[in-house]
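This briefing is meant for a reader who is new to the structure shown below. Please look through the sequence and the model before reading the points that follow.

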Amino acid sequence: VQVAESGGGLVHVGGSLRLSCAASGTVFGINAMGWYRQAPGKERVLVAHISDGGTTNYADAVKGRFTISVDNDKNTGYLQMNSLKPEDTAVYYCNANLLTTVFPSNDYWGQGTQVTVSA
């Protein structure tokens with residue numbers, strides 16, 4: 001079982017990107033998912049989280065601009081990022097709590113995807 005992010009890249013200020021986090025292997029569903037980011041020289045921080053009940057929470061820095069969602073039919077989560085700012089530049093990681101053949105559910109980290117917002 002593994003998760004992999006995709007969708008990062010270079011975008012201008014005010015632009016949009018949609019990150020994906022796909023779970024592969026024997027996965028029965030995504031319980032919850034968090035998107036984190038780590039800028040150079042800084043700690044990894046949580047920017048968005050969605051619970052198994054669909055409750056979402058966002059860091060103040062991204063509230064109103066980012067939207068987290070999960071499609072359990074595809075075992076994939078998403079982070080829609082709009083109105084991007086230079087301070088959003090970071091490596092973005094997903095952490096997925098997955099239902100697999102191993103009980104209880106476990107957290108899996110992706111390898112990260114770079115997002116660069118140019119002024």
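**Briefing: a predicted model**

T100 sits in the loop that connects β9 (90-99) to β10 (106-109). The model is predicted. The notes begin with this loop, go on to other loops and a strand, and end with the chain as a whole.

- T100 has a relative accessible area of 12%, so T100 is buried, since buried means under 20%.
- A polar atom of the T100 side chain lies 3.1 Å from the backbone nitrogen of V102.
- Once residues up to four places away in sequence are set aside, T100 touches V1, T26, F28 and Y108.
- P104 belongs to the loop between β9 and β10.
- The peptide bond joining F103 and P104 is cis, with omega at about -5 degrees.

- N75 is placed in the loop between β7 and β8.
- The relative accessibility of N75 is 15%, and N75 therefore counts as buried.
- N75 is a residue other than glycine, yet its phi is positive, near 50 degrees.
- T76 is part of strand β8, which covers residues 76-81.
- T76 also counts as buried, because its relative accessibility is 9%.
- The side chain of T76 has a polar atom 2.9 Å from the backbone oxygen of K74.
- Apart from neighbours within four places in sequence, T76 is in contact with S20, C21, A22, I30, V70 and D71.

**S83, in the loop between β8 and β9**

- S83 is found in the loop between β8 and β9.
- S83 is not a glycine, but its phi is positive at about 50 degrees.
- With a relative accessible area of 40%, S83 is partly exposed.

**G64, in the loop between β6 and β7**

- G64 lies in the loop between β6 (56-58) and β7 (66-71).
- Its relative accessible area is 78%, and G64 is exposed because that term applies over 50%.
- From C-alpha to C-alpha, G64 and P40 are 24 Å apart in space, and 24 residues separate them in sequence.

**Strands and overall dimensions**

- The protein chain contains 11 strands and 0 helices.
- Its pattern along the sequence reads β-β-β-β-β-β-β-β-β-β-β.
- The C-alpha trace of the protein chain spans about 45 × 25 × 25 Å along its principal axes.
- The protein chain has a radius of gyration of 14 Å, which agrees with the value near 14 Å that a compact globule with 119 residues would have.

**Burial, contacts and surface**

- Among the 119 residues of the protein chain, 40% count as buried.
- Of the contacts in the protein chain with a separation of 6 or more, 56% are between residues 24 or more positions apart.
- The protein chain has an accessible surface of about 6,200 Å², and carbon and sulfur atoms account for 50% of that surface.

Methods
Residues numbered from 1 in each chain as written. Predicted model: local features only at pLDDT ≥ 70, side-chain atom pairs only at ≥ 80, totals over all residues. Heavy atoms only, no water. Helix = DSSP H or I, 4+ residues; strand = E, 2+ residues; numbered from the N terminus. Rg over C-alpha atoms; globule rule 2.2 N^0.38 Å. Buried < 20%, exposed > 50% of the residue type's maximum accessible area, 1.4 Å probe, protein only. Contact = heavy atoms within 4.5 Å. Areas by Shrake-Rupley, 256 points an atom, 1.4 Å probe, with all protein chains shown as cover. Polar contact = N/O pair within 3.5 Å; in protein donor to acceptor, adjacent residues only side chain to side chain.
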